[in-house]
Amino acid sequence: MGYATWREPFVRVVPFAGRYSPKPHDVIVGIVQDVQKTFWLLDIDASRWAPLHTSGTPWEPGPGELDEFLRVGDAVLVAVENLDATGKIGVTMKGEGLGKLSGGTLAGVSPAKIPRVIGKGGSMIHTITQLTGTQVAVGQNGRIWVDGNPDGILRVRECLRIIETEGQRSGLTERIEGFLRSTGPTDDTGPHPPRPESVDRRGPDRFEDDPSGPDDSPSIPSDESHEGEGPWET
Amino acid sequence: MSEVVSAEIQTTHIIDLARAGRRLDGRGIDDWRPVTVEPGYVKSADGSALVHVGDTAVLCGVKLEIGKPFPDTPNAGVLTTNAELIALSSPTFEPGPPQPEAIELSRVVDRSIRAAETIDLTKLCVTPSEKCWTCYVDIHCLDHTGNLIDAAQLAALGALTHATVPAKRFGVGEHDYPLDVSHFPVECTFVRLGDRIVADPTFEEETAGQGRLTVATDEQGNVVAMQKGKIGAFSPEEVVETVERAFRHGDRLRNVVRGT
């Protein structure tokens, strides 16, 4: 299934679902599957694995030293550099914000839904990170890195689920915002303290529109008692 | 793509959550996803059931045909279980000959049904050494989001429970009659995540899991079959606790299968 537009003699189809097809300059999340002499092989959820050569990293490992930098199972944020006619996908780690992802976890949506996750001018992702107090890196291949306290991460996952299932409908950002506000504030007492800037961004106005009322005030020390409110607890 | 390694940060996150008694989809450690059983889903089969465990969907069909008993069991019918993991149901399944997962699935389901004596095979014998009913239990995985074993076993039990023996069609009786199901075994699978053992694991939890234990219980309080999978260990106390949990879930799931 997809959304088709005709422009004779071509038909352009934007699919609703499907595997990721790489495009140059896409920022994607890869998972190291194999370590070779001069490159790592990354699973990027495309039709084949992508090699990450040492020349595309800030490191200069000698032969056989590659697993001192990245090991099987490590997640990395990389950019697609080139695609050749044989379908080989070249990726690089050189670029702003790229590198190994440590801490946090990975979530995912269908690659076709990534534009909805980011939203117009980044509005959706901004809403989500602001209201959950998390840090997020979105890969165009549908993998999303999330870091924050456990409640924040679970709420981000719930948002992604909503986007995945209702991504075709309008007013999605408002729906997500409504969902996040109605499910109350995040639990600030989690093992990962929220980043300073996310505390600032969430500010006091977060509670003004909160329909769940003053009971959810974060000044109550035992925030654990609020965990049962989210839909993920049912 | 069956051998893709998942990200370590993902595995760590799942185990950290489990330590706090939580799971990715918000369930508790011992909670199941919603289970539905739709018997008689395939009209052309002698028995069938579509089972959903959360988003995992398994369809099972039962076919009964007249065949020849095995020489070593001349007075018994034949029960054959087969599982198909079609490539459409998960990115980790590929077309081609059955993978070890499919073989394990069919054997584990078969074992619970056989060991619990769900069907009295001697009643499937028509003429000793010559004619008997051959019962095919065919399991098709439609959507794999974790815990295939339990979904497949529930589907098999559901299909058998509501199956009809087509005696008239094969000319060995006046009327078709319901297949006699004497026992109701139900399998419950658990996966170890750190020091916690979770019920009804999702695909992500199975991938992150450090040991998997399947316990089949029947309605009379017997443990009829077990299967240990994946790399990881369970202490004797954990096995006992897991069996108790399997009985609790088993009783509830039996009612779901029988009540519908």
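Select Asn82(A) first. In this predicted model, Asn82(A) stands opposite Gly90(A), a residue of strand E7(A).

Now widen the selection to two strands. Pick residues 75-83 of chain A for E6, and residues 89-92 for E7. How do E6(A) and E7(A) pair? They run in the antiparallel sense, joined over four bridges. Together the two strands form a hairpin. Five residues lie between them. Click on Gly87(A) in that turn: its phi is positive, about 95°.

Stay on E7(A) and show the side chains. They alternate along the strand. Which ones are buried? Ile89(A) and Val91(A) are, and they point to one face.

Next, colour chain A by domain. The assignment gives domain 1 as 27-101 and domain 2 as 105-218. Where the two touch, domain 1 supplies nine residues and domain 2 supplies eight. On the domain 1 side, strand E3 (27-35) and E6 of chain A each give two or more residues. E3(A) gives the most, with three residues. What classes of residue make up this side of domain 1? Eight are nonpolar, one is charged, and none is polar.

Last stop: chain B. Select its contact with chain A. Here 13 residues of chain B meet 19 residues of chain A. Colour the chain B side by class. You will find seven nonpolar residues, four polar ones and two charged ones.

How values were computed:
Residues numbered from 1 in each chain as written. Chains lettered and ligands numbered in written order. Predicted model: local features only at pLDDT ≥ 70, side-chain atom pairs only at ≥ 80, totals over all residues. Contact = placed C-beta atoms within 7 Å. Nonpolar A, V, L, I, M, F, W, Y, C, P; charged D, E, K, R; others polar. Buried ≥ 20, exposed ≤ 12 C-beta atoms within 10 Å, placed from the backbone. Pairing = 2+ DSSP bridges. Domains from an automatic or database assignment.
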